[in-house]
Amino acid sequence: MTGLFKSIAAAVGFTAMVASPILASAADLPSNIRLVIGSKSTGGDTYQNSAIIADALAKKLDINVKVDAVGSSEAFKALQRDSRGTTIMIFHDQSYLGNLYGVRGYDDIFENYVVGPTVAINPGNAYLVPKNSPMQSMEDVFAAAAAGVRVRVAIQAGGVSEIGFSAMKNAARIMNPGSEANIVPVNTGSQADKNQLMFDGQADVINGSVQANEQFTHLAASDQKAMRFVWLTAREETIEQANPEGMGNTTSEELLAFTTPNVSVTFDGSTDFTFDKEFFFLFNKDMDADQIAAIDAALKEIFEAGEIQKTQKASFFIPNYKPQAEASAYLKAKRDQYRQVIDSISAN
Amino acid sequence: MELLSILSPLFFGLVAAGTVVGIIFGAIPGMTATMAVAVCLPLTYSLGLENGLALLLGLYVGGISGGLVPAILLNIPGTPSSITTTLDGYPMTQNGEGERALKIGITSSLVGGLISLAALYLFAPALADFAIKFSYIEKFLIIFFALTVMAALSSSLLIGIFSGFLGIFISLIGAYDISRGGNGELRLVPEFLEYYLESGFSLLPVLIGLFGLATILIDAEHGMKDAKELSKIKIGGAPFKLSVFKGQIINLIRSSSIGTFVGILPGVGGSAASILAYSQEKNFSRNPDKFGKGAPEGVIASESANNGLTGGALVPLLSLGIPGDSTTAILIGAFTLQGIQVGPLFIGNNPITWDAMIIAMLVANIVMFLVMVFAIRHLAKVVTVPKNILFPIILMMCVVGAYTINYGVMFDVWTLLIFGLFGYLAHKIRLEIAPFIIGFILGPSAEIYFVKSLESFGTFSIFFTKSWIAVLLWVLIAVSIAFSISVARKKKRIVD
Amino acid sequence: MSFDSPFHVTVDFSSSHLIFPTIIAVILGVLFISILITRGSTILATVTNGTWWPAGIDHARFFGTLALTVIYFLAMPSVGDIFPNTGLGFYLCSIPYLFALSTLFLRERNRRTLMIAGANALIAPSVVWYILSELFNISLP
C-alpha cells in the first residue's frame, strides 16, 4: 500500500492507466513488475529483504514492484513461464542447496536461470545447545562424537538448515574418521519445532538463528528454555560489518566469539567451513539481457547512494551488492564448495 | 517513552480503523484476517511500532470476528475458524433468526476475546512454559481429540467417519511438507498432475469451493427457484435477549478457554479451536440433538472459541518468539521491521509496548462489538438481495480469495472449482461435508505429529506413557468417543 | 516403517512420507467395506430404482454456471497476460461473467432486472479491482 497516494492520483486518470503502455520508456523495463520470492512467509527474512530491495528499485526506476510470497516451487514456475521481464525472483542459497540435496522441485539454477546480482546477507545462521548441556562448544561436540556419544542435531532437511550439519559431519570425518556417524540428524520443521525438540530433550544441538534464539541465551541456566550459541556459520568479516550493537543484548563482538576462527569447523583440515545466507536475484533464462542490465545498474546506483545499507543493517542484514556476472560466478564457486562437503559425507 | 504519550488519538484511531477493515475482510467469503494483516504490514513501517501494532491487532481481532457474518447468513465460513459457526448459525437464519444469531455470535466473540486477553495479560509467561510441555505426542493427541468431533458432527456415524477419513486422505495429496519436517516426497499424486499438485490442495480454496460454489451449484440445479422464498425470511425473528446466555456461562468460559489454549500451542492451528469447543459443548449438552438445527449454544461455543484464539496465539509469539497461528506469523514481521526482537525477554524488555498491545486488543474487541452491533441490521439484509445478484458476486469474491491466499497461484482458483463440484457430488451421494472438511484441515498436522512421534521414540506405547498430559488427553478422547456413540444410538432408537 | 516388535518401530526418514497415507488408506478401505455391508442393499436399491442424474434438474442453469465458470477461469490468466501484473485480467473478465451469470439466474428477464444485472456487473468488479489491486496492491490475475 506504499503507493496509496499514487493510486488515488491514478484513479482520477483510470482510463489513462489502462491505456498506458506496458513498457516504461526509461530502461525498457515493464512498468509493473512482479517479484516472486522463494518463501511463503511474509514475516520472514526473504520477504523483508525483498521488500527493502523492491521498494528501492521501484523508487529508482519509477515503476511498480510487487513482492509476492508464493514459495519456491510456485516462484520457479512463475519465473519459468515469463521471459518478458514482468516476473523476477529473489531467493537465497536454498535455491542451489535444494538441488545439491536432491529435493524435489529444485533444478540446477545456474543452467536454468540467470543468477545474480546479490543484494544482502542474513548472517544469523547458528547452532545452539541447551545452556546446561555437557557440550558447551563445538569442540565438545566433536569430542563427544569421537568418544562414541550420539549427538542429535535438529535441522530442517534439504537446504540452508542442513548445510551446517553436513559441515559438522565433514569436520568430524576429517578430525576423527568414523566419528561422523555419531552426529545424526533429527529432521524437523520450523524454528518452533527445533526449539521444542531441545526442550523435550530429543535434540542435543539445534539449528537456529541469532535473530530468533538470542533472547533464549540470556535466560538463567535453570530455565528449561535456556540455550547457548556454539557456532555461527557466518564468515568473520560478515559479522564485523554488522552494527556494533549486534542483536538484542549480544554485541557484534560477542557474536564474533562464535564464528571462525574462534570456533573452528574445518572444511578440509586447513581452512574453516563458513556459510552466509545470501539473497540474490534470479531471472528467466530468456529475459532480455538489457533488462537485466538495467536492474543491475539501478541496484548499483542504489547501493552507491548508501541509504539502503542503513535500512538493511537496522534489520540485521549485511549489505552485499555484487554485480550480476560477478555474483553468478561467485555463487557457482560457493555451490561447488558445498557440493564437495555433501559428497564427502555421503560417500561413506 | 511513557505509556500515556503512546496512547494518542492516532493510536485509538488506528485500532478502530484496523478493526473495521478487519471485519470487512473477515466478512467477505475468501478474504481472511491473515490477508488483512499481510496487506497492511508495509504500512506499519512508517507508523512506528506501537501505532503499527495498534492497526495490525485491530485487523486481527476484526478479521477473526467478521468471519461469523457470512457463516451465519450465507452458510459460507468467512474464515476457516468459523466453520462450526455455520452448523447452527445458518439454520438459525433459515428459521428467520439471522439477526439474533449474529448478535449471539458477536457477544460470544467479545467474551471470548476478553477472556483470552485476560489470560494473555496475566499468565503469558506461565502459559508459555506450560505450552512447551506439549511435544509431538501431546500435540498428536490434541489433534486426535479434535478429530473425534467428526463422529459428533455426523448424522450417520459410519458415513460421517468415512467422510472424515476421506478428508484426511485428500489433505495428504502432494509433497510431505519439508517446512513442517517432512521429506518433500510426493504421494497420492498421479504423474500428469505433479506439476500442479506439488503442494497439494490449499485449505481456503477447498473450503470456499465446498461451501460457496457447491451451494450455488445446488441452487442452480433447482433453477434458483427459491429466490423469492429467501427474501421472505423475516429479518428479526425472535428478538435477541441477553437471557439467551443464561445457563451458558460455563459454555462461554469453557469455549473461550479452549480457544485460548489451542492458540497457545504453535502449529495446532486456529480451526481446531472452534471445532473442539463446539464438540465439547455438544457432548456436555443435555439435548445434543438440537445441534445442527439452530442451537444458539453451538454459535456461542464456536464464536467464543475462535475469538479466544486471538489472545492465545499471542502468548507464544510474545514469550517464545514463535507464532501461534498464521496471522501472528505475519505479526512477527511488524516487530522485525522495527528492529524489535520477540522472544522470552520481550515482555520484560518492552513493558510499555506490551501494555500498549494489551490496550489495543482491549479497544479492538470493544470497537468490534460496537461496530458490529450497529451494523447488524444492515448486514442481515444481505439475505434479501436477489440471488441472481448476490451469487455471482460471491463467486467473484471466492475467486479473488482463492487466487490471493497464496499470493497469486492460478491453480488455487481451479481448486475452488474442483471442490465446488466435489461438494455438489458429495451432496448427491450423501457424503458428509462437515466431517470431511475437519479431516481435511487436521490431516496434515495429524500426520506430522504421528510420524515424528514414532521417529523420535520408535514405539507406539509412548503415546500412553509420555506424560500425565497424554494420559489426560486419552481420557478426554475416550469420553468424547463414548458420548458420540451413545448419542448415535439414541438417535437410531428414535428413528427406529 | 519396519516393526522390530509389536510396539517398536523404526521409521526410515526417506520413506516416511508413505506411512500415514497407507494407514489412512487401510482405514478408508475398512470403512468402505463396512458401509457396503450395512447399507449395500439400500445403496443398490437407490441406484437401480432412482432416476438417473442429470434428469430432473435445471440443465441450463446448472451446466450454464459450470461452463461460464470454466470459461471465466480460462480467460482470466490469458487476458491478464496481455496486461501483466495489473489485475486487468480479473477486471475485464469479471464484468461479462457477472452479467452472464446474473442473467442466467434471472427468472423474469425484463428491462428493469437486466439493467440491475448490468449495473451490478459493472460496479462490483470495478470496486473490487480498485480497492484490492490499486489501493491494497494485491496481485490479481
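This briefing describes chains B and C of a predicted model. Residues are numbered from 1 along each chain as its sequence is written, and chains are lettered from A in the order in which they are written. Local features need pLDDT of at least 70, side-chain atom pairs count only at pLDDT 80 or more, totals for chains, interfaces and linings use all residues, and side-chain values use heavy atoms, without hydrogens and water.

**Confidence in chain C**
- The mean pLDDT (the predictor's confidence in each residue, from 0 to 100) of chain C is 91, and 98% of its residues reach 70 or more.

**Secondary structure**
- Helices (H or I, at least four residues) and strands (E, at least two) are DSSP runs, numbered from the N terminus.
- Chain B has 24 helices and two strands.
- Chain C has four helices and two strands, in the order β-β-α-α-α-α from the N terminus.

**Size and burial**
- The radius of gyration is taken over C-alpha atoms, and the globule rule is 2.2 Å times the number of residues to the power 0.38.
- Chain C has 26 Å, but a compact globule of 141 residues would have a radius near 14 Å.
- Of the residues of chain B, 66% are buried (under 20% relative accessible area, with exposed over 50% and partly exposed in between; 1.4 Å probe, protein chains only).
- In chain C, buried residues make up 43%.
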